Amino acid sequence: MAERLLEVNDLKVRFATEDGIVRAVDGISFELERGKVLGIVGESGSGKSVTAMTLMGLTRGVNAGFEGEVLYKGTDLLKVSDRAMQGYRGNELGMIFQDPMTSLNPVYRIGEQIVEAIQSHERVDKRTARSRTIELLRQVGIPNPETRVDDFPHQFSGGMRQRAMIAMALSCNPSVLIADEPTTALDVTIQAQIVELVSRLKDDFDSAVIFITHDLGVIADIADEIIVMYAGRVVERGTKRDVFYDPQMPYTWGLLGSIPRLDRPRPERLHTIEGMPPSLINPPEGCKFRPRCPHAFEKCKQEPGLENRVETPGHLDRCWLDVEFKRDHRDETISGGSVEAA
Amino acid sequence: MTVLEQTAQTGETPLLEIHHVKKYFPIRTGVLQREVARVHAVDDVTFAVRAGETLGLVGESGCGKSTLGRTIVRLLEPTDGEIIFQGTPIQSLRTRRLRPLRREMQMVFQDPYASLNPRKRVGTIVSDPMRIHDLGSRSEQKRRVGEILETVGLSPEHYNRFPHEFSGGQRQRIGIARALALRPKLIIADEPVSALDVSIQSQMLNLLEDLQNEFNLTYIFIAHDLGVVRHVSDRIAVMYLGKIVELSPAEELYTRPIMPYTEALLSAVPIPDPDLAEKRERIVLEGDVPSPINPPSGCRFHPRCRYATDVCQQIEPPLVDYGNGHLAACHHPLNVDQETLQRVEVAQEHTPAAADESAMPEDTSGHSNPSVAPTTRDTRSS
């Protein structure tokens, strides 16, 4: 069995705001082993980015409260000091942010920014750091890295900036790479390149990846395990095959059905998840997805626990509906009924 | 045969025609601000849009699709070419004469965070176009704003709120409401769903479809994702470095792409099915779109094309008609059978300059060949 790098146990993150307490993450647990890719999927405001930033220790502050454990190789990252956290950040856990346009400083050269990242984590001279930067840029597929290293961010295209961000995240050889919507701001062609790059680098650097996205299609290729988040909770969790071929949560069906698919005939209308994600200050009672769920019934007023309800062990969901009923009815949502027609 | 003659024959005027439209941006340097180079953002684009149809305009960042959209409504001045809206050439109209026409064409912008003035209330944002065009009294305007907000799925109570109180999807609805305020005929939607979550994206696509049916709208729908445009488009134009490289009826583009660039764009669209995604051959395009300041010689796609040969470097392929209104500009067309290829070659010799004209939809009636079998043929060997 591969080395277990990360173990998150019932992590909860709350923020005190003027309007009340926001329960951004309300109990999430997972394990991550070396060489694996964990996909976290959900809409804006489902708590997926807060989870990622909490792992990196970036949500610490006077208004933030944490519960649970984040064990990295056995150490609880929630309990280490801010200073010690700096040693983990970059060296052990690297992060790629969503927006490559705003994550790089526009007035410093790309190379300077990566050299700075290396030097703040390791005692190396500038020459060594620079040659390592050039090597990193080559590894992430920047052409002519010897000259491009001295470019400013505005001289890079969106895709290249994201590559530079990945190079920076990898500069200190982290064991866990957290990619927070790394492809959302990019063209589909560039998106395909970046997904492939992340999956290749994971093997080259022998690390593990947490890939956060709102589009299940993006991770169909590379994820090993998938967590679906809604309103700060895990609503479904299982292997890639479980989630794509035997999804148990109507919310997952909705996410799958919303993607315009090229591998199927064009349906009359795209499926949508009506309404919007709930407020995290006053979440609805019972199942958080109930107000938007077309299959909700009386029992949904009590919140279902995250349990294994199907034959495959390890496939967990939060839904009261009968498994057979779900298997009979989910295709209406996922493929707009076109499967039945065929 | 000119476009106008064709139009006379079919008796239907397209809502919008553009002929050989070019938009170059000068690059100036030095004290004298001398022009040292030009960005060829849109380079000789010709097409027409029928009333009630949706034309999808697809391409990567930097291919000129947004510039083209803005040039059509004359937010940018075209460098050259003709833009004919409802039979009136508008490329050189003065502002005063242009204004009434502006009422008929509106834009929806990509970024719902940047395209709404944060200091104005929703009611003002949506009623401003009516105020500018002096439509109705204050109270009528207010009533109409309420109606429009309801049409796009918001509530009239949102009238006095500010944009920051809304989510991304709701803001995009406000943007659409603003575009609808003047009851336009043509809406140019510039990546209206790219910034949204997939779940919200599908709501927005359905909304645009409903509005089209309700108000008989014509759309030019700009996007970089071929999966998204398939849902809304009747025809799709694929742009690369300022040029249209393929133009086709929507479904045909997906079953029978002719241009290798289209094939690559299609293969980049993620498929939410692990088995299919694994089996599928991904054509990952290397690198980015080249600079439009010095576009590559010959076929502009040749440095990234896996079928490219010598001829692609030297000669720019014209946009030719492969039948059924399916046009493509490629020396090594994919999915074209021998018969069509020969017919196309013969036709090309006779009318080399006429190729662009067939980007007009009317032309399809002339020499359509709808029963082209989707036989794949590798033309590299020929």
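Biologist: How do α6(B) and α7(B) cross, left-handed or right-handed?

Modeller: The crossing of α6(B) and α7(B) is right-handed. Keep in mind that this is a predicted model.

Biologist: What angle do the axes of those two make, and how far apart do they come?

Modeller: Roughly 15° for helix α6 (residues 168-180) of chain B against α7(B), with the axes coming within 10 Å. Angles under 35 degrees count as roughly parallel, so α6(B) is roughly parallel to α7(B).

Biologist: Which residues meet there?

Modeller: From α6(B), B:Gly168, B:Gly169, B:Gln172 and B:Leu180. They meet B:Ile200, B:Gln203, B:Met204 and B:Leu211 in α7(B).

Biologist: And by class, how many are nonpolar, polar and charged in the contact of α6(B) with α7(B)?

Modeller: Four nonpolar and four polar. No charged residues take part in that contact.

Biologist: Switching to chain A. What is the packing angle of α7 and α8 there?

Modeller: Helix α7 (residues 158-170) of chain A packs on helix α8 (residues 188-204) of chain A at about 15°. Their axes are 10 Å apart. α7(A) and α8(A) are therefore roughly parallel to each other.

Biologist: Which hand is the crossing of α7(A) and α8(A)?

Modeller: Right-handed, as α7(A) passes α8(A).

Biologist: Which residues do the two helices bring together?

Modeller: α7(A) brings A:Gly158, A:Gly159, A:Gln162, A:Ile166 and A:Leu170. α8(A) brings A:Ile190, A:Gln193, A:Ile194, A:Leu197 and A:Leu201. By class, that contact has six nonpolar residues, four polar and no charged.

Biologist: Now the interface. How many residues of chain B are in contact with chain A?

Modeller: 36 residues of chain B, in contact with 40 residues of chain A.

Biologist: Which helices of chain B each supply at least two residues of that side?

Modeller: α7 (198-215), α8 (226-232), α10 (260-268) and α11 (274-279) of chain B. The largest share, seven residues, comes from α7(B).

Biologist: What is the class make-up of the side of chain B that touches chain A?

Modeller: It divides into 17 nonpolar, twelve polar and seven charged residues.

Biologist: Last topic, chain B as a whole. How many helices and strands?

Modeller: Chain B has 13 helices and twelve strands.

Biologist: What percentage of chain B is buried?

Modeller: Buried residues make up 47% of its 382 residues.

Biologist: And what share of contacts in chain B join residues at least 24 apart?

Modeller: 67%, counted among contacts between residues at least 6 apart in sequence.

How values were computed. Residues numbered from 1 in each chain as written. Chains lettered and ligands numbered in written order. Predicted model: local features only at pLDDT ≥ 70, side-chain atom pairs only at ≥ 80, totals over all residues. Contact = placed C-beta atoms within 7 Å. Helix = DSSP H or I, 4+ residues; strand = E, 2+ residues; numbered from the N terminus. Nonpolar A, V, L, I, M, F, W, Y, C, P; charged D, E, K, R; others polar. Buried ≥ 20, exposed ≤ 12 C-beta atoms within 10 Å, placed from the backbone. Axes fitted to C-alpha atoms, helices over the stretch in contact; angles between N-to-C directions. Parallel < 35°, antiparallel > 145°, perpendicular 65-115°, else oblique. Left-handed = near helix turned anticlockwise from the far one by under 90°.
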